Amino acid sequence: MYYYDPRWGRWMYSHTAPRPFLPDYAANVHPGLPASPLSGFASAVGKEAPAVATSGSDQGTDGDQRAVRAGKAGDIVVICINGRSGMNSPGISKLRDTLYIRLSPLGVPARNVFRRSWNQNEDGNPLGTPWIWDLNNEIEERSRKPSYLAIIGHSYGGWAACRLSRVTAKIPNYIGLIDPVFGPGNTMNAADIPKAHMIKNWYQHNGVTSGNPCTGFGMIPCFPVENGLSCGYQEVPGAQNMLVRYMRSWDGTPTTVECPGIGEVPVPATHGNIDDDLWIQRQITEHIVQDVKKLLYSRSKR
C-alpha cells in the first residue's frame, strides 16, 4: 500500500500490506495537491482527467480508442536528471515521485518516469561531461518511438538535458531546466543549445549555497565561476528564462524562517536548494500532465 513517510517527505509503497487506492491527503502533507494522490492534475487543483466524449457514431469504437490511448501512454517517457553529486539531493527525487503519482492514473508505466545521474560513472566530477549515450539508452530502453518525451534537469543535469535533446530520436515535447550549469566555467557552446517544442529555464543569482537565511553567514556567492560552482545560466537560447529570488511553497507563497529580533524572513533560492522549490515542481508537473492529457484524450484519427 501507499503511505506518506514524513522522514522522506514523499509517498512510499509497501507490498506487505493490502493495496488500497490511496488514503486521503491530510492538508499539511503536501499543500495544494488533490484529495487523491493518484488523481489527474490540472490547473484547478483536484480536477480529474477529462472524460472522452462519445456519440452514437463513435460508441462502437470506444474499445479501439482505449487501445490507442493505452499504446500512447505506454510510450510516454519522462526523465529527471540530477546535477553533480546530486544522487543524494531530495529535490529531483520528489519531482520524479510527484510526476509519477500524477501520470500513473493516465496509464504511464512507472519505469517510464525515472531519475538518472547526469553522468552515472562520474557523478561528482566537476570536470566531466554529460554521458549522453547512457541517458539516451535509458530512454530507448523504455520506448524507441516515444509518443511524448519530457526532459528535466538541475545544474549539470540541465546541461545534460540540453545535450540529450539534440540526439534523441524524438524532439522533446518539453524541457525543464532548473538552474542549469554548463561545465566548469558555465559557458554554452553550439552543442549545448537545446531542441524542444517547449523549453523553460528557472535560474537564480543569489548564491551557490544559502548559509544562514537570517544572517547570510555561510552563503557562497555565485562568482568567481570555478569547477562548476556556479549559479544557473540565465539566457538559455529558445527558452522562457525566469528568475527565482526566493524558495516557494506549492501554492507559490515564499518559504520563510523565523529570525530572532527580525521576524519571518524569506529563504533565498540558491543553486543548492532551487530544485526543491515546490512552485517550480508544480509548474513542471502541471505542464507535463496537461500535455499528456491532450495527447491521450484528443480524438484519435481513424
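Guide: On a 1 Å grid over the protein atoms alone, a cavity is a set of points where a 1.4 Å probe fits but cannot get out, and lining residues have an atom within 4 Å of a point. Grid points are joined across faces, edges and corners, and the volume is the space filled by probe spheres set on the points. The structure here holds one cavity of 30 Å³ or more.

Visitor: What kind of model is this, and how are its residues numbered?

Guide: The model is predicted: local features need pLDDT of at least 70, and side-chain atom pairs count only at pLDDT 80 or more, while totals for chains, interfaces and linings use all residues. Residues are numbered from 1 along each chain as its sequence is written, and side-chain values use heavy atoms, with hydrogens and water left out.

Visitor: How much space lies in the largest cavity, and which residues line it?

Guide: The largest cavity has about 50 Å³ of space. Its lining consists of N136, I139, E140, S143, R144, P146, L149, T168, A169 and K170. Ala, Val, Leu, Ile, Met, Phe, Trp, Tyr, Cys and Pro count as nonpolar, Asp, Glu, Lys and Arg as charged, and the others, Gly among them, as polar. By that scheme the lining has four nonpolar, three polar and three charged residues.

Visitor: Which element gives the most to that lining?

Guide: Helices (H or I, at least four residues) and strands (E, at least two) are DSSP runs, numbered from the N terminus. Helix 3 gives the most, with three residues. The protein chain has five helices and 10 strands.

Visitor: Where is K145, and is K145 buried or exposed?

Guide: Buried means under 20% relative accessible area, exposed over 50%, and partly exposed in between (1.4 Å probe, protein chains only). K145 lies in the loop between helix 3 (132-142) and strand 5 (148-154). With a relative accessible area of 72%, K145 is exposed. Its C-alpha atom is separated by 9.7 Å from that of T168, 23 residues apart along the chain. Across the protein chain, buried residues make up 49% of the 302 residues.

Visitor: How many salt bridges are there?

Guide: A salt bridge is a side-chain nitrogen of Lys or Arg within 4 Å of a carboxyl oxygen of Asp or Glu. The count by this rule is nine. In one of them, K94 pairs with D276, with the closest N and O atoms 3.5 Å apart. K94 lies in helix 2 (residues 90-103) and D276 in the loop between strand 10 (263-266) and helix 5 (278-297), so the pair ties together parts 182 residues apart in sequence. K94 is partly exposed at 22% relative accessibility, and D276 is partly exposed at 24%.

Visitor: Which residue does D192 pair with, and at what N to O distance?

Guide: D192 forms a salt bridge with R163, the closest N and O atoms being 2.6 Å apart. Because D192 is in the loop between strand 6 (174-178) and strand 7 (199-203) and R163 is in helix 4 (residues 156-165), the pair ties together parts that are 29 residues apart in sequence. D192 is buried at 1% relative accessibility, whereas R163 is partly exposed at 21%.

Visitor: What about R248 and D277: are they buried or exposed?

Guide: The side chains of R248 and D277 meet in a salt bridge (3.4 Å, N to O). Both residues are buried. Elsewhere, salt bridges that share partners join R116, D134, E138 and R142 into one network.

Methods:
On a 1 Å grid over the protein atoms alone, a cavity is a set of points where a 1.4 Å probe fits but cannot get out, and a pocket is an open set with protein on both sides within 12 Å along at least five of seven lines; lining residues have an atom within 4 Å of a point.
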